[in-house]
Amino acid sequence: MLLFSTVNIMAQDEGNPLSENSQVCARCHGNKYYTFHNEVTGTEVRKRMNPYLLIDTVKYTQATHSFFSCDDCHSPDYAVYPHASNLKLDPKPSCIDCHGGDESFAKYQFDDIDVEVQNSVHKIAHGEQFKCEMCHDLHSYRLVARNENSKIKDIVVQDNQMCLSCHNNLTKYQILTDNQKPEILATHDWLPNQELHFLNVRCIECHTPITDTLMVSHKILPKEQAVHLCSDCHSTNSILRSKLYKYTVMESRTDQGYYNSVILNEAYVIGANRNKYLNILSLAIFGLTLLGISIHTITRIINKK
Amino acid sequence: MSNQGLYLYPVWLRIWHGVNALGIILLIFTGISMQYGNIDYPLLPFKVSVMIHNISGIVVSIGYVVFAIANHFSNNAKQYVPNYKGFGQRIMKQTTYYVFGYFKGEPKPFPITKDNKFNPLQRLSYITVMYIFVPLIVFTGVGLLYPELIFSKIFNMGGVQFIAVLHAIAGFFISLFLIIHLYVASIGKHPLKNYSSIITGYHSTEDH
Ligand code: HEM
């Protein structure tokens, strides 16, 4: 279970402190308890905050969108409590509302990602109900993978947490469906060293196709099409090169032979790592041994006659 | 029975040897299959290799412990005591015999006796394999089976990576040993004579 507990991602230098406006909201939404003045009874009331409406302010200040105030995305009318009931009906801005068709974000290919999400199992099953925010919680999402300083393990933890926040959490899962939630640990028991794997590869490694045009494929495939073959990863032409290790592989020099710096420093994938020099050396020694034996054998045969 | 030859290999040794030999052959084959696997031409499906490799690894590790204990407490131990005096000379002598003397029909420089069943080259290679490489591969193998036991970083390299490279190097030397071992065992009156010794336990005196 340790595996699924939220791991605090290494604090990052970037990020922004809470704005004054945000602090108004954080007074309540950043704490387990909140107090407000009940005008009818004229008393101070202290109550528990609904845990699903709790915002982790530490993560918020480190998030990619931390430069926003709460009221940039939510109506400023929320500053008043009790919140007006019609605020519930306010539409919330989606990723595409802000990023779609915007040249300055072209390298993230939001529109192509949107198309892929439309074709993923989740959208096909749940349509509009399933939103980008279900994985990318705007109040905490950080762009980890693109950051050169990120460790592979940090990327894996954050990205798997996106999936597990739902697949390992019945309450969130049931927002979408009443169907039985498959137990992730049980459905993956064919994978040996499961804990090691889930800490070293992302769910999307196996559940999305390889794509050359996007950094992260968003097309979650039906389970029948998930990667089942060990050698897809455990081989020299490992799919991890075009997925998880893409970020580093693109940066590291290509002439490093079998080794590349990612694999060398951060993970050992049987079959995918090989040392060119050790390989040549071992072949040479084997060759010489076999040569010696052959000469000896031939001499033995000749000698016998 | 005793006129059949020297009784060199007691039962426990032969049983260990048989199990060990089979285990190591499986380990080498599955190890190569995993390390040099390719999606298009897998020698064996990866999953199967991992399973066989793990099981044989455990068997060979237990076997090694049995060997180490039994060898330590039996007469066999003295065969594994290195003798440094004139070491280089004796090695040269035996090597010269394999390369030249053997073909000229010269007598063996170090005839097999019950007290001294290995020639200098055999002793050197058996000691190195049984007391350096096999323990090394057993320890690193256990480490890879339970990665949580390993330091996470050694010399700025992933701990698993470091252990895995050691494991592969030890595997390489054991494979090399096996090839030479099998070949040298075929040197005798008849190429298969020595193989029957390790099964029956008796070494025919007019041989090797
Ligand atoms: C199919 C594989 C193998 C065969 C056919 C084989 C055969 C033999 C033979 C014929 C001998 C007798 C030596 C002699 O008379 O010169 C012997 C002894 C020995 N072999 Fe092997 N061997 C095999 C695999 C191995 C492996 C994998 C190891 C260790 C990693 C090993 C370690 C030894 C040792 C230590 C001895 C000496 C036993 C003693 O203490 O008396 N063998 N083997």
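1. Across all chains, the structure holds three salt bridges. A salt bridge here is a side-chain nitrogen of Lys or Arg within 4 Å of a carboxyl oxygen of Asp or Glu. This is a predicted model, in which local features need pLDDT of at least 70, side-chain atom pairs count only at pLDDT 80 or more, and totals for chains, interfaces and linings use all residues. Side-chain values use heavy atoms, with hydrogens and water left out, residues are numbered from 1 along each chain as its sequence is written, and chains are lettered from A and ligands numbered from 1 in the order in which they are written.

2. Start with A:Asp159 and A:Arg202. Their closest N and O atoms are 2.9 Å apart. A:Asp159 sits in helix α7 of chain A and A:Arg202 in the loop between α10 and α11, so the bridge ties together parts 43 residues apart in sequence. Helices (H or I, at least four residues) are DSSP runs, numbered from the N terminus.

3. A:Arg202 also bridges to A:Glu205, at 3.2 Å from N to O. A:Asp159 counts as buried because its relative accessibility is 14%; A:Arg202 is buried at 4%. Buried means under 20% relative accessible area, exposed over 50%, and partly exposed in between (1.4 Å probe, protein chains only).

4. A:Lys181 and A:Glu183 form another salt bridge, at 3.7 Å from N to O. A:Lys181 is buried, with 9% relative accessibility. A:Glu183 is partly exposed, at 44%.

5. Now the ligand and its iron atom. The protein donors are B:His17 (NE2) and B:His181 (NE2), 1.9 to 2.0 Å from the iron. Donors are N, O and S atoms within 2.8 Å of the metal (3.2 Å for Na, K and Ca); water is not among the atoms, so sites may look incomplete. B:His17 lies in helix α1 of chain B and B:His181 in helix α5, 164 residues apart.

6. Why is the arrangement octahedral? The six donor atoms around the iron subtend angles of 88 to 178°. Six donors count as octahedral if opposite donors are over 155 degrees apart and all others between 65 and 115.

7. The shell around the ligand has 24 residues. Near means a heavy atom within 4 Å. α1(B) gives the largest share, six residues. A polar side-chain atom of B:Asn76 lies 3.1 Å from a ligand oxygen. For B:Tyr80, a side-chain N or O atom is 2.7 Å from an oxygen atom of the ligand.

Key: Polar contact = N/O pair within 3.5 Å; in protein donor to acceptor, adjacent residues only side chain to side chain. Helix = DSSP H or I, 4+ residues; strand = E, 2+ residues; numbered from the N terminus. Tetrahedral: all angles 85-135°; square planar, octahedral: opposite > 155°, others 65-115°.
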